[in-house]
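Please examine the sequence and the three-dimensional structure shown below. The explanation that follows is intended to be read beside them.

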Amino acid sequence: MIDMTEETTSELNGPGAPDEWAAYLATAAPGPETASVLPVLDAEKLSRTGRIDALKALERHTGWIQAHQAQILAALEADAEAELPAAVRDRDAEAAWNFTCEEVACALKLSGTTAAKRLEVARELDRHYPTTLGMLERGEICYMQAVAITEACAVLDPEVAGQVEAALVEKMPGMATGQTRRALAREILRADPRGAEQRHQARKRERQMVHYPKDDGMALWGATLPAEQAAAMNAAVDAHAATLPDEGRNLEQKRVDALVELVLNRTDPGAATSGVRASGEPASGEPTPSGSAPDRSITSGPTASGPITSGPTASGPTASGSITSGPITSGPTAGGRSATVVQVTVPLDVLIGDSDDPAQLKGYGPITAGQARRIAFAKGTVWHRLIIEPKTGMLIKTDPTTYKPTAETERHVIARDAHCTFPACRMPARRCDLDHVEPFNHHDPAAGGQTVPENLGALCRRHHRMKTHHPGWAVKRDSRTGTTTWTAPTGHTYTNRSHDYRH
């Protein structure tokens with residue numbers, strides 16, 4: 001470790017102790033001056049809090065270095081293109097003359113494929129996504145988020161790609177890479193709905209089985225198929241697995257055994273299709289994506305359970321249809337959880353064809369409006385209404401059902417949170433515990449936290465255990481916005497925003 005002199009560190013007019021430097025560098029814009037101070041972040045001299053801040057500081061500087069590397073790679077690529085013979089007109093011919101990839105691979109000790117990918121990402125960032133590159137240089141996002149932008153937008157025209165980038169600029173600094181990719185998928189569907197449907201249809205024609213040998217006498221078996229079919233199959237497997245005795249098997253083992261039984265012992269060729277053919281097309285008599293179902297009536301006025309509106313209003317919430325589809329073989333289980341339900345959340349204006357905004361397939365992510373309509377109008381589909389707050393997109397009410405109030409409360413919290421409420425955890429809420437934010441008082445229930453949606457949150461078993469038993473972790477929930485704020489033992493705070501049904 002390099003010893004920093006008092007004169008060196010004082011040039012930035014910053015703090016002196018290692019922990020103070022770590023806190024300062026964790027939020028400072030990275031650059032040559034701040035990089036010169038990084039050696040002061042000696043792990044042996046930092047407290048636990050300081051080590052977390054040091055990690056954040058080093059990550060910001062990693063982005064700064066990677067941005068500069070991308071700029072150099074883009075310059076090398078530009079030099080190579082300038083030296084190409086005049087007769088070279090397309091990328092295939094260019095590849096035969098451009099050997100920059102080989103030199104980069106040797107210099108960085110990379111494979112040719114990895115070097116080519118680095119050059120491609122650098123070229124795209126430099127030419128088409130300067131805003132993203134600038135965010136990387138400032139340490140506001142990580143390199144993999146920048147890669148996600150170039151990969152996801154590769155199918156778009158430059159103008160549309162710019163719109164997608166602009167829509168995410170303010171959001172990306174607060175996102176993990178996986179969240180960035182999901183947000184990109186939704187924005188691309190919104191910005192280019194026609195192209196998205198065409199790409200989906202093309203990919204659907206490429207559906208195929210996959211079967212790969214694995215070690216120790218095992219194999220990987222599956223299929224590439226439309227997401228809604230995969231979700232329906234997953235639900236069917238889960239439902240069948242729930243009927244199998246444990247016999248020393250864990251849940252994953254039972255799910256695999258259930259899949260084998262469903263495939264090898266299938267007796268009902270018409271089951272579990274929900275009005276969709278094996279090809280993913282609507283069954284005979286079912287509507288096309290732009291069609292409407294003859295046996296359904298959708299109105300924009302009051303219904304028996306309250307008014308439904310097709311867009312945000314200044315005076316109240318909007319309604320968005322939560323469509324559940326799939327083979328419901330055993331009905332609801334205890335606690336208000338359906339055994340075999342495929343859920344798609346789709347705005348009413350998309351459902352009736354006034355908009356082509358994307359819908360959300362639970363367990364997968366955004367899907368095209370056409371896919372959503374095919375599911376919505378398939379035979380056996382059940383519709384439920386979700387009412388959301390127009391400014392935040394937070395779920396504020398589900399339609400009442402025949403379940404007891406406790407079951408309705410559980411349904412509400414599961415639908416509202418969608419996932420575990422610990423930041424960046426993607427465990428589905430239906431597989432989580434419902435935890436009291438303010439602990440329930442078992443000795444005096446009236447004195448403790450109430451069992452109401454405002455005081456309940458979905459937590460996976462690991463994060464539930466951490467909150468309850470690990471000293472120093474604490475959580476608060478803003479009932480108005482749905483945002484949960486977690487405080488770590490080090491004093492750092494992390495926020496998790498409520499699921500936004502508008503996006």
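The paragraphs below proceed from the whole chain to its cores, its helix packing and some individual residues.

The structure is a predicted model, in which local features need pLDDT of at least 70 and side-chain atom pairs count only at pLDDT 80 or more, while totals for chains, interfaces and linings use all residues. Residues are numbered from 1 along each chain as its sequence is written, and side-chain values use heavy atoms, with hydrogens and water left out.

The protein chain contains 18 helices and 15 strands. Here helices (H or I, at least four residues) and strands (E, at least two) are DSSP runs, numbered from the N terminus. The protein chain has 503 residues, of which 42% count as buried. A residue is called buried under 20% relative accessible area, exposed over 50%, and partly exposed in between, as judged with a 1.4 Å probe and protein chains only. A contact means heavy atoms within 4.5 Å. Among contacts in the protein chain between residues at least 6 apart in sequence, 56% join residues at least 24 apart.

The interior may be considered next. In soluble globular proteins, nonpolar side chains tend to be buried together. A nonpolar core is a set of buried Ala, Val, Leu, Ile, Met, Phe, Trp, Tyr and Cys residues joined through side-chain atoms within 4.5 Å. The largest such core has 32 residues, and Cys153, Leu156 and Leu184 touch the most other members. At least two residues of this core come from each of helices H4 (48-82), H6 (100-108), H7 (112-128), H8 (130-137), H9 (143-152), H10 (158-168) and H11 (177-191). A second, separate core consists of 18 residues, among them Leu348, Leu351, Ala359 and Leu361. When residues up to four places away in sequence are not counted, Leu184 touches Ala148, Ile149, Ala152, Cys153, Val164 and Leu168.

Two packed helices are described by the angle between their axes and the distance between the axes. The axes are lines fitted to C-alpha atoms, for helices over the stretch in contact, and angles run from 0 to 180 degrees between N-to-C directions. Angles under 35 degrees count as roughly parallel, over 145 as roughly antiparallel, 65 to 115 as roughly perpendicular and the rest as oblique.

How are H9 and H11 oriented to each other? They pack at an angle of about 25°, with their axes 9 Å apart, and are therefore roughly parallel to each other. H9 passes H11 in a right-handed crossing. A crossing is left-handed if the near helix is turned anticlockwise from the far one by less than a right angle, and right-handed if clockwise. On the H9 side, the residues that meet H11 include Ala148, Ile149 and Ala152, and their partners in H11 include Leu184 and Ile188.

The axes of H10 and H11 come within 10 Å and cross at roughly 135°, which makes H10 oblique to H11. The contact is made by Val160, Val164, Ala167 and Leu168 of H10 and by Ala183, Leu184, Glu187, Ile188 and Ala191 of H11. The crossing of H10 past H11 is right-handed.

Helix H12 (residues 193-204) packs with H11 at an angle of about 110°, their axes being 5 Å apart. H11 and H12 are therefore roughly perpendicular to each other. Ile188, Leu189, Arg190 and Ala191 of H11 make this contact with Pro193, Ala196 and Arg199 of H12.

Some individual residues complete the account. Arg118 is found in helix H7 and is partly exposed, with a relative accessible area of 25%. Arg118 and Leu73 are 45 residues apart in sequence, yet 7.7 Å apart in space, C-alpha to C-alpha. Glu247, in the loop between helix H13 (227-242) and helix H14 (251-264), has a positive phi of about 50° although it is not a glycine. Glu247 counts as exposed, at 64% relative accessibility.

Finally, how many disulfides does a search of the whole structure find? It finds 0 disulfides, a disulfide being a pair of cysteine sulfur atoms within 2.5 Å. Cys432 is in no disulfide, and the nearest cysteine sulfur, that of Cys420, is 5.0 Å away. Cys432 is buried, with a relative accessible area of 4%.
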